[in-house]
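Have the sequence and the coordinates open as you read.

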Amino acid sequence: MSKKPSYIGLLNAIANGERDGYELFSAWSNSTSDKLLQPTLNMIAVREMEHSWAFEKRLSELGFSLRRTVNKSLKKQARLLKSKASDEDKFASFGIGLTSDKPQNEVDSLLQILADKSIDPQTGELMGRFISEERDTGRQLAKAFRALKVRNKKCAPES
Ligand SMILES: [Fe+2]
C-alpha cells in the first residue's frame with residue numbers, strides 16, 4: 001500500500017466534529033417550541049450528520065476507519081440545548097448574538113482545511129463542498145437569529 005496521506009487525521013477530526021455538531025443541533029431542533037426556527041435547526045443537523053458520513057466514507061475509501069473521539073467539553077452545551085432554556089441563550093452558546101457588530105473580514109479558519117497541497121482531487125472536492133456548506137450554515141443561523149429577535153420584539157409588551 002502507498003504512503004499514508006498526511007490528511008487522514010484531518011478527515012478523522014472533521015468526521016468527529018460534524019458528528020458532535022449533529023448531536024448538538026438535533027438536540028436543539030427537538031427541544032425548541034419555535035415552529036419557525038425548527039426547520040433551520042433540523043436542516044443544519046441533517047447537514048452535520050451528512051458531513052460526518054461523507055468524511056467517514058472518504059476515510060474508508062482511502063483504507064482507514066474512523067477513530068471516534070468524544071469531546072467532553074460539549075457536554076454542558078448539549079445539556080443546555082436539550083433544556084427548556086430560551087432559544088436566544090442557545091444561540092449564545094454558539095457565540096451568536098453576543099457581540100452586535102462583528103467585523104466580517106476575520107481570517108477564515110475553514111480555508112486552512114485546504115492548505116495541505118497533497119490533498120487528492122476527490123478529497124479536495126469534498127472539502128470544498130464542506131467549506132461552502134459550513135459558511136452557508138453560518139449565514140442561515142445568523143438569519144434565523146435576526147428573525148427570532150424581530151419576533152421577540154413584536155411579542156414584547158409595549159413599554
Ligand atoms: Fe459543521
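The protein has five helices and zero strands, giving the pattern α-α-α-α-α along the sequence. Helices here are DSSP runs of H or I with at least four residues, strands are E runs of at least two, and both are numbered from the N terminus. This is a predicted model, in which local features need pLDDT of at least 70 and side-chain atom pairs count only at pLDDT 80 or more, while totals for chains, interfaces and linings use all residues. Residue numbers start from 1 along each chain as its sequence is written.

The C-alpha trace spans about 70 × 30 × 25 Å along its principal axes. Of the 159 residues, 21% are buried, that is, with 20 or more other C-beta atoms (placed from the backbone) within 10 Å of their own. As for contacts (C-beta atoms within 7 Å), 71% of those between residues at least 6 apart in sequence join residues at least 24 apart.

**Cores**

A nonpolar core is a set of buried Ala, Val, Leu, Ile, Met, Phe, Trp, Tyr and Cys residues joined through C-beta atoms within 7 Å. The largest one has twelve residues, including Tyr22, Trp28, Leu41, Leu81 and Leu148. Two or more residues each come from α1 (8-31), α2 (38-61) and α5 (121-155), and α1 gives the largest share, with five. Apart from this core lies another, of five residues, among them Tyr7, Leu11, Ile14 and Ala15.

Leu37, a member of the largest core, touches Thr32, Asp87, Ala144 and Leu148, leaving aside residues up to four places away in sequence.

Within α5, the buried residues are Thr123, Met127, Phe130, Ala144 and Leu148. Their cover includes α2 and α4 (87-92). How does the length of α5 check out? Its 35 residues should span 51 Å at 1.5 Å a residue, and the end C-alpha atoms are 51 Å apart, which agrees; the expected span is 1.5 Å times one less than the number of residues.

The axes of α2 and α5 come within 11 Å and cross at roughly 165°, where axes are lines fitted to C-alpha atoms over the stretch in contact and angles run from 0 to 180 degrees between N-to-C directions. The two helices are therefore roughly antiparallel, the word for angles over 145 degrees.

Here is who makes the contact:

| Helix | Contact residues |
|---|---|
| α2 | Thr40, Ile44, Arg47, His51, Ala54, Arg58 |
| α5 | Thr123, Leu126, Phe130, Glu133, Thr137, Gln140, Ala144 |

Definitions and conventions: Two residues are in contact if their C-beta atoms, placed from the backbone, lie within 7 Å. Angles under 35 degrees count as roughly parallel, over 145 as roughly antiparallel, 65 to 115 as roughly perpendicular and the rest as oblique.
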